[in-house]
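Here is a short report on one protein chain.

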Amino acid sequence: MSESTAVRVEVDSADPSARRRSPWQVLATNRSVVVNGTFVAVFVVGVVLAASTSEVFLSQANLTNLVRQMVTTGLLSAGLLVVILTGGIDLSVGSVVGLCGLLFAGLVSGLPLPLALLLALCAGVAVGLVNGTLVARFGLAPFVVTLAALTTVRGLTYVYSETPITPESPAFLVLGSASVGPLPLAALVMVAVFALIWVLLARTPAGRALFAIGGNREAVRLAGIDVRRHLVLAYAISGACAALAGVILASRVGIAQPSVGVGFELDAIAACVIGGASLAGGRGSIWATLGGVVLLALIDNLLNLYDVQSFWQQVLKGLIIIGVILLRRGEQVRSP
């Protein structure tokens, strides 16, 4: 018997039913392949369409701007994914962006850049710790806690400064405008954050616990894992990422405004959902979330190039979220 014949006989005998299944039936049983393939196809079609109809799309200036713009949503999505994995949500990230950007702008004129950055990050972590403590220690619903934090932090932002702050220090612009070769420094920071969270989720017991908490919190508690500590950790990470996003955004545009960040949490949630994260918890992928960020940034860029009005862009994003949830329904894949 030849080798090829032997292999064919082995395959046929191992799964006789597979021999009778059509390609469409095979795809129907691998829903994640179909869904992810759909997103890849949409991405490729969008790029080809944009490149063929707009002379600006493939220009270096537009691509650099595209990368810079996705940093804010990327950082917010990376932190928010950690919370979503536990079955929670963090609606306060947009307000944290505004507060920490304004705080950084106010401090950087009188303090060294590292110290001003550290204090701004500490403010974001503090918001996350409060959110996590209220959820984990007092058993309050994440939606209610973070909705209250959204308004509270926004109020604190205006208490700190009712007017925009434009620092004269050149250090203020470093994080948002500097480049390493052809790549913006902010984009490299974003990729580093994604890599760190991937290590946390895929290579540490704490990461596995975050997945398990979203799947079955009571079983995790009975297994002897400190659920409360991990929940507080998740919200602290989300706060830190939002603070970093606020700092970089303020640095990129050269001014910090108290009103910035409104609605940013919706883009971050959309990126996580497009990447396959389940809002019920226990399922999600950090690199797939990055794919969702890129896809949303591409859509925004295309709509801007074609001068689509901003409120129609919001309508489109809402429809995308609904469509993605319908496509993702029934998926059972869990991957870090």
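## Terms and overview

A residue is called exposed when its relative accessible area is over 50%, and buried when that area is under 20%. Anything in between is partly exposed. The model is predicted.

The chain contains 16 helices and two strands. Of its 336 residues, 45% are buried. Among contacts with a separation of 6 or more, 80% link residues 24 or more positions apart.

## Helix H5 against helix H13

Helix H5 spans residues 60-85. Its axis and that of H13 come within 7 Å and cross at roughly 170°. An angle over 145 degrees counts as roughly antiparallel, so H5 and H13 are roughly antiparallel to each other.

From H5, the contact draws on Arg68, Gln69, Val71, Thr72, Leu75, Leu76, Gly79, Leu80, Val82 and Val83. H13 brings Ala234, Tyr235, Ile237, Ser238, Cys241, Ala242, Leu244, Ala245, Ile248, Leu249 and Arg252. By class, this contact of H5 with H13 has 15 nonpolar, four polar and two charged residues.

## Helix H10 against helix H13

H13, residues 227-253, also meets helix H10, residues 185-203. Here the axes come within 11 Å and cross at roughly 175°. That angle makes H10 roughly antiparallel to H13.

H10 supplies Ala186, Val189, Val193, Ile197 and Leu200. H13 supplies Ile237, Cys241, Leu244 and Ile248. The contact of H10 with H13 holds nine nonpolar residues, with no polar and no charged ones.

## The nonpolar cores

Which residues have the most contacts inside the largest nonpolar core? They are Leu75, Phe104 and Ile197, in a core of 78 residues. Ile197 is in contact with Ala78, Gly79, Val82, Ile237, Cys241 and Ile286, leaving aside neighbours within four places in sequence. A second, separate core has six residues, among them Ala136, Val220, Leu231 and Val232.

## Cysteines

How many disulfides does the structure hold? The count is zero. Cys241 is buried, at 7% relative accessibility. Cys272 is buried too, at 0%. Cys241 is one of the H13 residues that meet H5, and it also takes part in the contact of H10 with H13.

Thr72 lies in helix H5. Its relative accessible area is 6%, so it is buried. Beyond four places in sequence, Thr72 contacts Ala245, Leu249 and Phe264. Thr72 and Leu244 are 172 residues apart in sequence, yet their C-alpha atoms are 8.6 Å apart in space.

Thr73 is also placed in H5. It counts as buried because its relative accessibility is 17%. Gln69 is another residue of H5. At 31% relative accessibility, Gln69 is partly exposed.

## Phe39 in helix H4

Is Phe39 buried or exposed? With 14% relative accessibility, Phe39 counts as buried. It lies in helix H4, residues 31-53.

Phe39 touches Ile274, Leu295, Val324, Leu327 and Arg328, not counting residues up to four places away in sequence. The C-alpha atoms of Phe39 and Gly292 are separated by 8.9 Å. Along the chain, Phe39 and Gly292 are 253 residues apart.

## Asp307 in a loop

Where is Asp307 found? It sits in the loop between helix H15 (286-305) and helix H16 (310-328). Its relative accessible area is 67%, so Asp307 is exposed.

Most residues other than glycine have a negative phi. Asp307 is not a glycine, yet its phi is positive, at about 55°.

Notes. Residues are numbered from 1 along each chain as its sequence is written. This is a predicted model: local features need pLDDT of at least 70, side-chain atom pairs count only at pLDDT 80 or more; totals for chains, interfaces and linings use all residues. Side-chain values use heavy atoms; hydrogens and water are left out. Axes are lines fitted to C-alpha atoms, for helices over the stretch in contact, and angles run from 0 to 180 degrees between N-to-C directions. Helices (H or I, at least four residues) and strands (E, at least two) are DSSP runs, numbered from the N terminus. Angles under 35 degrees count as roughly parallel, over 145 as roughly antiparallel, 65 to 115 as roughly perpendicular and the rest as oblique. Contact means heavy atoms within 4.5 Å. Ala, Val, Leu, Ile, Met, Phe, Trp, Tyr, Cys and Pro count as nonpolar, Asp, Glu, Lys and Arg as charged, and the others, Gly among them, as polar. A nonpolar core is a set of buried Ala, Val, Leu, Ile, Met, Phe, Trp, Tyr and Cys residues joined through side-chain atoms within 4.5 Å. Buried means under 20% relative accessible area, exposed over 50%, partly exposed in between (1.4 Å probe, protein chains only). A disulfide is a pair of cysteine sulfur atoms within 2.5 Å.
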